[in-house]
Amino acid sequence: MPKINASTVAEHRAQQREALIGAAIDILVNEGATAVTPAAVGARAGLARSSVYQYFDSSAALLATITEEAFRRSNEALAAAMAEASGPVARVEAFFRESLRLGAEGAHRPAAALMSAGLPPACQERLMELHLEQVEPFRAAVREIGSPDPALTADLIAGMLHTALAAVDRGTPLDTVTERTLALVRRCLSPADSTVRGTPSGGARAGGTTPVG
């Protein structure tokens, strides 16, 4: 039995499982889904393959767990950030700001790797479910603002987030990308009459719900 580096066996097992998940994510991001095998994950985590099978009985089980974990950790951070925001515009800004912070840490890479990995249909379906769960609070905030065609508006604004994440990946400073992106988001969500007059949308900055148009 391996040496226990925790106060209880349960805590030790939890730590080993976490180490295996971390190793699997690292392999996924850097080498692709086909490289995520019990043997490779065990070697990366410093555990024998037989030990890996105590937690995951196949490559498919590892990928399924990564799928859940790739979103769980980000969703918790996004929910916490949005909970502190007051008003729908502020919640959209919080979603963008936290998404970019997570992106700078590489949190989006496991999900991106999974989406391009040619997973089995069941895994692809679950991946899409998790993605929709992640973006629903953002989409709900856009609906609350009262934008015309809120679903399309949310999709278009989300496109800016994808572009911003790509800029961060290329090495553009996070603060620069974040502030420029949020400035554009505020303009997109500002009341139309304020935009036409060329005046700032104070209500939008305060999280107001004045409908666009």
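**Helix packing around α7**

Modeller: Helices α4 and α7 are roughly parallel to each other (an angle under 35 degrees), because the axes of α4 (residues 59–83) and α7 (residues 121–145) cross at roughly 5°. These axes come within 10 Å of each other. Each axis is a line fitted to C-alpha atoms over the stretch in contact, with angles from 0 to 180 degrees between N-to-C directions. On the α4 side, the contact (heavy atoms within 4.5 Å) is made by T67, E68, F71, S74, N75, L78 and M82. On the α7 side, R126, L127, L130, H131, Q134, P137 and F138 take part. By class, the residues of this contact divide into 7 nonpolar, 5 polar and 2 charged. Here Ala, Val, Leu, Ile, Met, Phe, Trp, Tyr, Cys and Pro count as nonpolar, Asp, Glu, Lys and Arg as charged, and the others, Gly among them, as polar.

The structure is a predicted model, in which local features need pLDDT of at least 70 and side-chain atom pairs count only at pLDDT 80 or more, while totals for chains, interfaces and linings use all residues. Residues are numbered from 1 along each chain as its sequence is written, and side-chain values use heavy atoms, with hydrogens and water left out.

R139 also lies in helix α7, a helix being a DSSP run of H or I of at least four residues, numbered from the N terminus. Leaving aside its neighbours within four places in sequence, R139 is in contact with A151, A154 and D155. R139 is also 9.0 Å from T153, C-alpha to C-alpha, although 14 residues separate R139 and T153 in sequence.

T153 leads on to another pair of helices, for T153 belongs to the α8 side of the contact with α9. The contact of α8 with α9 has 11 nonpolar and 2 polar residues, and no charged ones.

The axes of α1 (residues 9–31) and α2 (residues 38–45) come within 8 Å, with a crossing angle of roughly 110°. Helices α1 and α2 are therefore roughly perpendicular to each other (65 to 115 degrees). From α1, the contact is made by A19, L20, A23, A24, D26, I27 and E31; from α2, by A40, V41, G42, R44 and A45. The residues of the contact of α1 with α2 divide into 8 nonpolar, 1 polar and 3 charged.

Key:
Helix = DSSP H or I, 4+ residues; strand = E, 2+ residues; numbered from the N terminus. Parallel < 35°, antiparallel > 145°, perpendicular 65-115°, else oblique.
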